[in-house]
Amino acid sequence: MPIVHNGAVTSCVFFAVSGNSYSAGTFISSTVGVPALTHSFCKQNNPAVQTMDPSEVEFLAEKEMVKIIPNFSLDKIYLIGGDLGPFNPGLPVDVPVWLALNLKQRQKCRIVPPEWMDVEKLEEIRELERKEDAFTPVPSPYYMELTKLLLNHASDNIPKADEIRTLVKDIWDTRIAKLRLSADSFISQQEAHAKLDNLTLMEINTTRTFLLDSLNCMYKLRSNLQPGSNKGKALDY
Amino acid sequence: MDSQAYLPVPPGVGMEENFFSLDDILLSHERLSCRTECAFPRLGFLEKSGDTRDIAEGTKMELPLWLAKGLYERKRRVVSVEVPKVYREGWRTVFSADPTVVDLQKMGPYYYGLGSQMLHFDSPENPDVAQSLLQTFIGRFRRTMDSSQNAYNEDTSVLVERLDCLERALFRSGQSGLNGFQSWEKGRASHLTASTLVLNYRKRKMADTQP
Amino acid sequence: MFCEKAVELIRELHRLSDGQLPAFNEDGLRQVLQEMKVLYEQNQSDVNEAKGEGRADLIPSIKLRHSCLLRNQRCLAAYLYDRLLRIRALRWEYGSVLPANVRFHMCAEELEWFSQYKKSLATFMRSLGGDEGLDITQDMKPPKSLYIEVRCLKDHGEFEIDDGTVILLKKNSQHFLPRWKCEQLIRQGVLEHVIS
């Protein structure tokens, strides 16, 4: 089973920041256990409530790889999620975002921003997004989460951080407005299916419950049009 | 976003009710104007005037939906049910002209739910009623969506004022998605908070102890 | 009309939409059951009469009472079921020990049900994640750090952390504690998570 990892856990295994016995086992509860259990125990009656918390989406984004330049040396380390390192001062190395942020917070590295996190590139994307009716491909499936994580923790490593923040927010707003527009035409034209190409998890997540509930209502109101589809009558008192 | 462990049984929406749903039980308690098509011996006391032993044939009575449904039969008429005004032609024309101006809270509050339930009773108007319900929902959808997506940290009572129960539920799910995202954006998503249930209990306890 | 008492029970729950548990309405329940008994007995005698004396004209009334019986049954079932959903939620919101004012609102059978649920959950959690088991009520959100800053919102007395140190949770005092030790106390409103 592939085990996803998280800053808190592995930093404990790896750097022994504490004597806490926060085992991989306990950790799984936050990823596999909780959605599985709350869904089957608490949410089974209400399919529409099956939504993720944004913090869970962010958690998934923390698995994305990012380049860092460490200022320490350490041999390769072997974790359940894969091997990392070796780390040599001044030599760039790819690590997951959770680790990059952890190292950065303790001033152990400099983060190299992803290529797309660049004012010119983002301006291009923004213009394209505004021009096109459909959703354009985004530079990263976690562009929003990564922007927030990296700018909040490593803005000193990212040139023109404020401009980037505004640009990404603009792109997000444009896309969300599009999403709403297409949801409305989806409903008004009584469509049965839709393609969600190029939408990211965070975008889908903010509207999932609402859209599913709405579609469910519309489906029920449409079934009203077919007389004879009412079986449950005798049971209702 | 609060993780609420209590999730009530959702309403059935449409023609089928959900047996355990509190919403559906209250919906099916809505009163309908009915006319008895036969006598009901020994139940005279149920009627308003209540001074006769039996309910006579042809008596006009307000019956809850669940009872009208329970008594209703296609073959043998025991009661006939009058379609409420909102679902009749006059109002249907108003709805089709501009569904967004209608105050469904006042007309309903179970506009869609009760309308769908009315389809259990045979009537030549049923296809039109069903069509009108669907078109009204579609016509109002944009409004429901926009208000639910634009109302962060505002007083939402004005926005939901004219929505029917079903639309209110949609409004709430739209809000929870929006609030979840915005609190993440502000960096509050990983903030551990007290259970709202626990806090509400405490409020109640305080209220109880005050004289 | 019949069944008004039963709907009153449903309204009682519906008013508390946040999941609070109102006091178990034993009296309301008894009245509904009483009404059902009367309806049943009247139907029984009308059925006998309809059969024995060929009084087909009684059938509509029998049917009406029968509908009422089913309606009462549905309301009672929904009342009890919805309460169980709330009680189950309490285990997740409060933990395994409920405050007295909450327990006070449960009937004996519900208390029994709660303790059975608690046991099933504990057995399940013990069966997970190797020898130590796995507390699935923890980490409802992905943890960002092992330790968190918390402030006491009320006096809670002494509190032992993993390494055996005992600290005093005094109102307005601030501590840096293992997250997993605090999560439940935060949910209960004893501690407040402080983000710098």
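Predicted model: local features only at pLDDT ≥ 70, side-chain atom pairs only at ≥ 80, totals over all residues.
Which residues of chain A does UniProt list for "domain: GINS subunit"? The UniProt record, an unreviewed entry, lists residues 116–218 of chain A, with the caveat that UniProt positions are given in the numbering used here, that feature names are shortened, and that annotations may be inferred rather than shown by experiment.

Residues are numbered from 1 along each chain as its sequence is written, and chains are lettered from A and ligands numbered from 1 in the order in which they are written.

Back to chain A, then. Residues 116–218 of chain A are 69% helix and 0% strand, and the end C-alpha atoms of that span lie 40 Å apart; helices (H or I, at least four residues) and strands (E, at least two) are DSSP runs, numbered from the N terminus. Helix 5 of chain A, residues 119–131, has 13 residues and reaches 18 Å from its first C-alpha to its last, close to the 18 Å expected at 1.5 Å a residue, where the expected span is 1.5 Å times one less than the number of residues. Leu122(A), Ile125(A) and Glu129(A) are buried in this helix, and because these buried residues fall within an arc of 60 degrees seen down the axis, they line one face of helix 5 of chain A; the arc is that of the directions from the helix axis to the C-beta atoms. On the other side of the helix, Glu120(A), Glu124(A), Glu127(A) and Lys131(A) are exposed. By buried I mean that 20 or more other C-beta atoms lie within 10 Å of a residue's own, by exposed 12 or fewer, and by partly exposed in between, with C-beta atoms placed from the backbone. The cover over the buried residues includes helix 7 (161–188) of chain A.

Let me turn to the interfaces of chain B. Its contact with chain A takes 44 residues from chain B and 38 residues from chain A, two residues being in contact if their C-beta atoms, placed from the backbone, lie within 7 Å. On the side of chain B that touches chain A, the largest share, 12 residues, comes from helix 6 of chain B, and the residues of that side divide into 25 nonpolar, 15 polar and four charged. Here Ala, Val, Leu, Ile, Met, Phe, Trp, Tyr, Cys and Pro count as nonpolar, Asp, Glu, Lys and Arg as charged, and the others, Gly among them, as polar. The contact with chain C takes 37 residues from chain B and 40 residues from chain C, and helix 9 of chain B gives the most to the side of chain B that touches chain C, with eight residues.

For chain C, UniProt places "domain: GINS subunit", again from an unreviewed entry, at residues 55–128, a stretch that is 80% helix and 0% strand, with its end C-alpha atoms 65 Å apart.

Finally, some backbone details. Cis peptide bonds join Gly85(A) and Pro86(A), with omega about 0 degrees, and Gly108(B) and Pro109(B), with omega about 5 degrees. Asp139(C) has a positive phi of about 55 degrees although it is not a glycine, and Asp139(C) is buried, with 22 other C-beta atoms within 10 Å.
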